[in-house]
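Here is a short briefing for a first look at a protein chain. Please keep the sequence and the 3D view at hand while you read.

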Amino acid sequence: MNSNTVKQKVAVVSGGSSGIGRALVAALCKDGYRVLTCGRDAAKLRRLEQDLPGVRGYICDVADRQAVQRFAAEVLADHPAIDLLISNAGGLREIDFTAPDLAAIDCTAELRSNLEGAIHLIAAFMPGLRRASPAAILVVSSGYALAPATRAPITSASPAALHSLCKSLRRQLAPLKISVTELLPPLVDTPAVAHRQGKKISAEAVANLALAGAIRGAEEICPGDVRMLPLMLRLLPGVAEKIVAKT
């Protein structure tokens, strides 16, 4: 290889076939990355590959540890060094603990996809991140990591746990020159929340802010209305939590 040849950077994105994940994949392609992504919907992944030539999609449910390990093994076999790992897969449900049919609901599904999925992904790709060092991890969390929503207690609990995880990993991985950036978005204009009213920020805007932050090694990215939440929680914690609780 010519010594002047610039190696193409490699990024792995979970949940890249729609919403914020798709916007992240598109932005990375524009920036010249080789992008590998995963999702549960084969049709969406094939459309993504058609729309963004060069992207490769893999079927993988991040809540399934063995599936994540298979995904990582396939990717790392072709791309041993991973410059950027993005944990994005997850979902939101409104669960009412006063409902009479609570025993029939799988209450912990979000913990498996949002929290355990991120843990599985990071653990599986650590060898690739170490080979690329310096490298970066971007974890898509939520503004609910800082204050919970009444309508979604489990979905609020999972980003709160991710928030703690990011703090610990940031300290653990610093000696390896692997940065950890947490994205805490507000309501984002994606198909998943098309039915919901309220102020929304575009997925493209969130993706651009997130990638810029991850590249410079920022600890947290708080787009839109979440930007003021940390200050409000310091100055008027009770008021701030009541506002978020109603969102």
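How exposed is Arg112, as a relative accessibility? The answer is 29%, so Arg112 counts as partly exposed. Keep in mind that this is a predicted model. The chain has 8 helices and 9 strands. An open sheet of 7 strands runs through the picture below.

**Overall form**

- The radius of gyration of the chain is 18 Å, close to the 18 Å that the globule rule gives for 247 residues, so the chain is as compact as a globular protein of that length.
- Along the principal axes, the C-alpha atoms fill a box of roughly 60 × 40 × 30 Å.
- Buried residues make up 46% of the 247 in the chain.

**The sheet**

- The strand order in the open sheet is S3-S2-S1-S4-S5-S6-S9, and the pairing is parallel.
- Strand S3 (56–59) and strand S9 (220–221) are the edge strands. Each of them pairs on one side only.
- In general, strands of a sheet pair through backbone hydrogen bonds, either parallel or antiparallel.

- Strand S5 covers residues 135–140. It is mostly covered, with 6 of its 6 residues buried.
- In a regular strand, side chains alternate between the two faces of the sheet.
- Both faces of S5 are covered. Ala135, Ile137 and Val139 are buried on one side. Ala136, Leu138 and Val140 are buried on the other.
- Strand S4 (residues 84–87) pairs with S5 in the parallel sense, over 4 bridges. Between S4 and S5 the chain passes through helix H4 (residues 109–132), and this β-α-β crossover is right-handed.
- Opposite Val139 in S5 stands Ser87.
- Strand S6 (residues 178–183) runs parallel to S5, joined to it by 6 bridges. Here Val139 stands opposite Glu182 in S6.
- A right-handed β-α-β unit is made by S5, helix H5 (residues 153–173) and S6.

**Salt bridges**

- The structure holds 7 salt bridges. Three of these pairs are described here, including Arg46 with Glu49, Glu94 with Arg151 and Arg112 with Asp106.
- Arg46 and Glu49 meet through their side chains at 2.8 Å, N to O. Both lie in helix H2 (residues 42–51), 3 residues apart, so about one helical turn separates them.
- Arg46 has a relative accessible area of 33%, so it is partly exposed. Glu49 is partly exposed too, because its relative accessibility is 23%; the buried class is under 20%.
- Glu94 and Arg151 form a salt bridge in which the closest N and O atoms are 2.9 Å apart. Glu94 lies in the loop between S4 and H4, and Arg151 in the loop between S5 and H5, so the pair ties together parts that are 57 residues apart in sequence.
- Glu94 counts as partly exposed because its relative accessibility is 46%; the exposed class is over 50%.
- The side chains of Arg112 and Asp106 meet at 2.4 Å, N to O. Asp106 is partly exposed, at 37% relative accessibility.

**A nonpolar surface patch**

- Which residues make the nonpolar surface patch of about 630 Å²? They are Met228, Leu231, Met232, Leu235, Leu236, Val239 and Ile243.
- Helix H7 (229–235) and helix H8 (237–245) are the elements that give two or more residues to this patch. H7 gives the most, with 3 residues.
- Where does Leu236 lie? Leu236 is in the loop between H7 and H8.
- Why does Leu236 count as exposed? Its relative accessibility is 52%, and the exposed class is over 50%.

Definitions and conventions:
Residues numbered from 1 in each chain as written. Predicted model: local features only at pLDDT ≥ 70, side-chain atom pairs only at ≥ 80, totals over all residues. Heavy atoms only, no water. Buried < 20%, exposed > 50% of the residue type's maximum accessible area, 1.4 Å probe, protein only. Pairing = 2+ DSSP bridges. Right-handed = clockwise from strand over helix to strand, strands pointing away. Patch = residues over 30% accessible without salt bridge, like charges linked within 9 Å, V, L, I, M, F, W, Y side chains within 5 Å. Areas by Shrake-Rupley, 256 points an atom, 1.4 Å probe, with all protein chains shown as cover. Salt bridge = Lys/Arg side-chain N within 4 Å of Asp/Glu carboxyl O. Rg over C-alpha atoms; globule rule 2.2 N^0.38 Å.
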